[in-house]
Amino acid sequence: MSRPLHRGFSGGGRLSGDIHDFLEDSQMKFKAEKEDFDKNRLSPDHRCSWNPFHLMFRYTTSSPSKQSVHENGFIVPDTFSPVSSRKRYKLTLFLLKLSLFVVVFLALTGSFWWTISLTAASRNQTFRGSYRRLQEQLVSDLWDVGELSLGGSRIKETEFCPIECENHIPCFNISENLESGLTEGQQQDRHCGPTSKQNCLVLAPSGYKILHRWPTGRDVIWIDNVKINAQEVLSSGSLTKRMMLLDDDQISFSFASSMIDDSIEDYAHQIAEMIGLRNESYLVQAGVRTVLDIGCGFGSLGAHFFQNHLLTMCIANYESSGSQVEITLERGLPAMVASFTAKKLPFPSLSFDMVHSAWDGIAWNHIDGIHLIEVDRVLRPGGYFVWTSSVANTRASGRKKDNSNTGDIVRTFAKDLCWDLLSQQDKTVVWKKSSNKDCHASRNHGPAVCKAGHDVESPYYHPLEACIGGTHSRRWIPIDERPKWPSRATLSSKELAVHGVPFDDLIEDDLNWKSAVRNYWSLLSPLIFSDHPKRPGIEDPIPPYNMVRNVLDMNAHFGGFNSALLGAGKSVWVMNVVPTSGPNHLPLILDRGFVGVLHDWCEAFPTYPRTYDLVHAEGFLSLETSKRRRCSMLDVFFEMDRLLRPEGWVILRDTSSLIEAARTITTRLKWEARVVEIESNSDEKLLVCQKPLIRRRSNPS
C-alpha cells in the first residue's frame, strides 16, 4: 500500500534539510562533473550490445578530460594530458578497493559460518525453507553491496554509446533476426537476449534541443531531436504524414490543412457518424475512453482525440528512421513499439474500447484471420474496430480482383468473430464487437473459443493463437454498461470485487497519492529554476502544470499515481508499467481508463531513447531485489537513463538502504541526485534526480 509523503514544511513549502545546502551541493557537484568527464572512447566497431562481464574486469585507463558548456548542456570533451594528481587518484582507488575487499571478505566469512550454524541447529523441515530464503537474500544483498560500493570508485569506466545507439532499441535488431533465420515478418518482432542490454550512456544528437512545452509541443517538434530527414517528410504518403510541414529546423503538424482534400477533424467526424453519433465529442458518452491505434502515422488522430478526453495508445513496428512511435512520443502522445506478426500484444484481454487501423500494411486476410482474432482479444465487448484501407471498399476496388477478394475475406472473418458491420463509407469500415459471449457457441464455423486453461488474461509476448480469447474473463462487461469517463477512474465496489481489491483499499491508495503528488511536484522546483538564483526570503517558485508531459511509472500498483496527477490538473499522460515480477494489477489499471503494459525490467522497454520527461518508481527497488534476478540493478538504471529525456526527472521512493545505494549508481550515470528525508516514515526515503543534457559532439565540416 502506498503511503503519503509528508515533508516538513517551513516558510511555506521548503524541503526539510535546508534547500540552500541542496543547491550549493548540486552546483558544486555539477561543476566538479564538468571538470572530470571521461574521454568519449567510441570506435566504429563498437556495438549497442554489451558483455555482462565487461565492467567487472576492466580497469580505468582514460585520462581526465576538459570540456566546454554549450547552451543547456555539454559537448563530449576532447582529451588532454594527464594531471599531476594521477598518483593520488591511484592511491585513493587502491585504498577503496582494499577496503571493499576486506568488507566483502568479512561479510562472506561471517555469513558462511552463520549459515552452517543455522543448518546444523535447525533439523525441522518447516524452517529450512525460511533459512534458505534468508541465505538467498543475504547473497543478493552482498551482491548489491559489492556492486554498488564499486560504483563510486569506477565512475570513470562508464562510456558513452556509439552513434549507432542514438535511436536504437535493444531487443529490436532486425539484421540480427534475419541472420538467425526468422522469416515472414518475424524479424520485426521483439527478441531479447543476453546481448540486448547496454552498459553505456546514450548521447543526445548534436543538434538536440529541449522540447516545447505542452500543448505547443504537440504541434511543433525539433527535427534534430528525431531521426527523420527532410526527404522522408516530403515523400511521406499517408494522411497524417502529409499533414507535416517542414520549416527549417522544426516540423509542424496541422489538424486541418488546405493542402489536402480531407483532414483529421473530418476523418474523426466521419468515424463518429458511422457509429451513429453526431460528432466525435459524443464518443465518451458512447462508452469509448481508450483507443488502440495500430500503425498510427505520427499520432495526429490521437492528438485530436485527446481534446475529446479520449486516450489513444499508438503502436507500430520498430523503424530505424522516420519512426512513427518516436515522433508520436516526441509530440507528447502515448506510443510504444509493438508488433503482433507472431506474438500477442503485451496487453490483457478486453483492454480497449476502440481499435483503429488505417493504412498500416497488415495483411488482415492472412493466416485464417489470426490478426483479427488478436484484435478481438484486446477489444472490449461492444467496442468498435475501425479499418481504413484501399482494399476496404470492394465496390471501388472491384476492378482489381485481388483487392476485392481481400475486402470480402476480412468481412467474412469479422462475421465469424460475431462482429456487427455498422457502416461503410468509401475506404473506411466500422464493426462493433458483440456484447453477447454466447454468440460464439451458436456458430457452426469460424475460430473456436479458447479453453479456460489457454485463455490467459495477461499474456506476456505469448505466441498468437487462432482461438477467441477473453470469454472466460470476469471482466466481460460491455462498454455501454461501464461508467463513463471520468467516473470510470474510480471503480465501484462491484467492479473492484472482480479484481479482488477492496473498495476501501483503492480509496485509501488514491488519497495517499494525492498527498504525495503535491509534494513530489514541489520537489522538482529547486533544480529546474536553479538558473534563476533566489534572493533571501524568496520562496521556491511552484513548477508549472505542464513542466512534464510523458510520465513512466515503473511500478504502477493500482494506477494511483496516474489518478493523482490527473486529479491535480497536471497536463500529463502516464505509461503505467506493471512488472512481471510483482502482482498483476494491469487489468484494473486499464479498467480505470488509463493505459499501461506488462514488462520485465531485466529487458529493454519497447521505446526509443529520450522519450520520457519523468520516471517514477515507488517500492520498485524492494520488489526487484526480493526476487531471483537475471540482471543487476545497474542494468536497470542504464535502461532508465536511456528512456529519460535530457533534463528529465527521476523520483524513487524506497527503503533508506536501497535509496542510499541507488544514489551511488546515479553518480555513475552523471545525474544530479538528492536524497530527501520523509519525516513521517524513518524507514523510507526519496531519491530525486535530474539527467543533464549531454550532446554528441558534431563532426567538423
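**Entry: the search.** I noted before starting that the model is predicted. I reminded myself that a disulfide is a covalent bond between the sulfur atoms of two cysteines. How many disulfides does a search of the whole structure find? I got six.

**Entry: Cys-171 and Cys-192.** I then asked where the two ends lie. Cys-171 is in the loop between β3 (159-160) and α4 (174-179), while Cys-192 is in the loop between α4 and β4 (200-201), so the pair ties together parts that are 21 residues apart in sequence. Is Cys-171 buried or exposed? Its relative accessible area is 6%, so I listed Cys-171 as buried. For Cys-192 I read 31% relative accessibility, which makes Cys-192 partly exposed.

**Entry: Cys-296 and Cys-314.** I moved on to the disulfide that joins Cys-296 to Cys-314, with an S to S distance of 1.8 Å. Here the angle about the S-S bond is -45 degrees, and the link of Cys-296 and Cys-314 is left-handed. I placed Cys-296 in the loop between β8 (290-294) and α9 (300-306) and Cys-314 in strand β9 (residues 311-316). The two are 18 residues apart, and the pair links distant parts of the chain. I marked both Cys-296 and Cys-314 as buried.

**Entry: Cys-418 and Cys-439.** I found a disulfide between Cys-418 and Cys-439, with the sulfur atoms 2.0 Å apart. At -90 degrees about the S-S bond, the link of Cys-418 and Cys-439 is left-handed. Cys-418 lies in the loop between α12 (401-416) and β13 (419-425), and Cys-439 lies in the loop between β14 (428-433) and β15 (448-449), so this pair ties together parts that are 21 residues apart in sequence. I looked up the burial of each end. Cys-418 has a relative accessible area of 5% and is buried.

Conventions. Residues numbered from 1 in each chain as written. Predicted model: local features only at pLDDT ≥ 70, side-chain atom pairs only at ≥ 80, totals over all residues. Heavy atoms only, no water. Disulfide = S-S within 2.5 Å. Helix = DSSP H or I, 4+ residues; strand = E, 2+ residues; numbered from the N terminus. Buried < 20%, exposed > 50% of the residue type's maximum accessible area, 1.4 Å probe, protein only.
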